[in-house]
Each structure stands twice: as C-alpha cells, then as structure tokens.
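Please read them with the structure open.

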Amino acid sequence: MQINPNGTVQNSFTIGDKSSDVDVAIVGADTVIREDGAIETTAKVTSDTGDNLTTKVEVKIDGTTTSSVEIVDASSKKTTAEITVAIVGADTRVKSDGAIETTAEITTAENVKTVAKVEVKADGATANSVEVTNSTGELVVTKLDTNIAGASSSISTDGSITIKTPTLEVQTGEKIAIEVVVNNTGSVKPNIILEDKIIEMPEFEAGSDVNVKQENGKVLVEVRTILNKSITYNQGN
C-alpha cells in the first residue's frame, strides 16, 4: 500500500507473476489490510447533484477484485452497483468523481488477446467493453452500456462480460430484468427475464453495441449490430 504526498492511494497485491493493482485518485480514501491479507479501500464523494457516493474496492487474497458504488440521494434512497472480477491481475481505478473502472487482459493459447473493461459510473450506471484482437491482428470492439442505476457487472476468467439490471417494474406492472453477455469473441447475447421466465433473444455479431435503458415506464434493449448472417426474431413489447 502506498499513500502519495497528495493523499491519493495506490494498492497492489502480488501472487506469483500476477499483480492486482488499485489506483485511487480520491484524497482521504481509507485503506485496510485485513488479517486474511485482503486489501479494502473505501472513498466517499459528494456529487454535483448532492448525492453521497461511497466507493469500495476489495482485492482478495487470490488477487480477484470486488468493487461497489453505493449512492444515497437527497431522499435517502440507496442504490448499489457492483463489479466482480474473477481474473487475477486485473487493474482497478477509482476516479475522483466516485466511478470505478476495472480492466483485465487475457491472451489465449490461440494468441487471441481479450481486453475486458467494466466501469460503474458515479450515478450507478455502467459502461462496459470487450476488445478482441484475433491471431491475424483484426480488432473487434463490443460495447455494453446501461443507464439503469444498480446494474451489476462481472468479468469472467475467459474475458467475457455479463451485465444484469436490477428487477424493474414496467407500465404493465410486470417485473423484468435484463441480462446481457458479451463473450470472449465480442458477440452479444441479451436475455429478458420476465417474472423469472427467460425470454431469449438471438446472438448478435461480434462488434455490436448494446444499450439498456429505462424510458417512459418501459425497459428498452437497443442493439446496433453488423449482420453477416440473416436472423429472425419477434420483437416483444
């Protein structure tokens, strides 16, 4: 653990040749090294809108990371968004506005490089991306965004990203959640979970951009995609 002269914090946890780093740009952040060897850093920020943000990053003894942003607005409503990273050696940054950004790089035996990035913004929304460089040097970038506060994100050991919104009630009174998986090739598979029943959507091409948002009592999943093959599906309400 290093505290810089300006009060910012840099933490690292080294296991073999893997190192998990946490870089905190918030002056006054508190860091605890627990008896089990895990490092926990907590920073508090008040946003421009008056929301109180508590940002917490934990690097566990196996080098994996769990991060969260907790938001308490002026009406005392609490929202929590979380990132769980299963990749040892992932780097985490806590920005001065309270946002958390985690990046992990993986190179497979086939010389395919995956860079997975997950960001929980200061308002609890998320901006995730997967960059895949294949063995011929071709780069594919897939983006996954949600403006729904409280969505949880995870990066798995193969470089894929999963994002899931909290359960939301729509105009019709039904409760739905959206889960989107970007796999380690950059292709996208959204699922709609309606009253605990999964409504599957087709898999979209690598390089697609997905945006999940709440608008006028509805939850919308927008996919901007490059089609290399024909697909057929029914668009639900």
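1. Strand E12 (residues 126–133) and strand E13 pair in the antiparallel sense over eight bridges. Strands here are DSSP runs of E with at least two residues, numbered from the N terminus, and two strands pair if DSSP finds at least two bridges between them. Valine 130 stands opposite threonine 142 in E13. The hairpin of E12 and E13 has five residues between the strands, and glycine 137 in this hairpin takes a positive phi near 90 degrees.

2. On the basis of these notes: this is a predicted model, in which local features need pLDDT of at least 70 and side-chain atom pairs count only at pLDDT 80 or more, while totals for chains, interfaces and linings use all residues. Residues are numbered from 1 along each chain as its sequence is written, and side-chain values use heavy atoms, with hydrogens and water left out.

3. The side chains of E13 (residues 139–146) alternate. Buried means under 20% relative accessible area, exposed over 50%, and partly exposed in between, with a 1.4 Å probe and protein chains only. E13 also runs parallel to strand E20 (residues 209–215), to which four bridges join it. Aspartate 145 has asparagine 211 as its bridge partner in E20.

4. The sheet is open and mixed in its pairing, with 10 strands in the order E1-E2-E3-E9-E10-E11-E12-E13-E20-E21. Strand E1 (2–3) and strand E21 (218–224) are at the edges with a single partner strand each, so one side of each has no neighbour in the sheet. E1 pairs with strand E2 (residues 9–15) in the antiparallel sense over two bridges, and glutamine 10 in E2 is the bridge partner of glutamine 2.

5. The largest nonpolar core has 48 residues, of which Val24, Leu144, Ile155, Ile161, Val180, Val212 and Val219 touch the most other members. Strand E17 (residues 175–182) gives the most to this core, with four residues. Such a core is a set of buried Ala, Val, Leu, Ile, Met, Phe, Trp, Tyr and Cys residues joined through side-chain atoms within 4.5 Å.

6. Which residues does lysine 117 touch, not counting residues up to four places away in sequence? They are Glu101, Thr102, Thr103, Ala127, Asn128, Ser129 and Ile161, where contact means heavy atoms within 4.5 Å. Lysine 117 lies in strand E11 (residues 113–120) and, at 32% relative accessibility, counts as partly exposed.

7. The second largest pocket has a volume of about 230 Å³. A pocket is an open set of points on a 1 Å grid over the protein atoms alone, where a 1.4 Å probe fits, with protein on both sides within 12 Å along at least five of seven lines; lining residues have an atom within 4 Å of a point. Its lining includes Asp51, Leu53, Ile71, Lys77, Asp123 and Ala149.

8. Isoleucine 71, in strand E7 (residues 65–72), counts as buried at 7% relative accessibility. Among the residues that isoleucine 71 touches, leaving out those up to four places away in sequence, are Asp51, Leu53, Lys77 and Asp123.

Key. Points joined across faces, edges and corners; volume = space filled by probe spheres on them.
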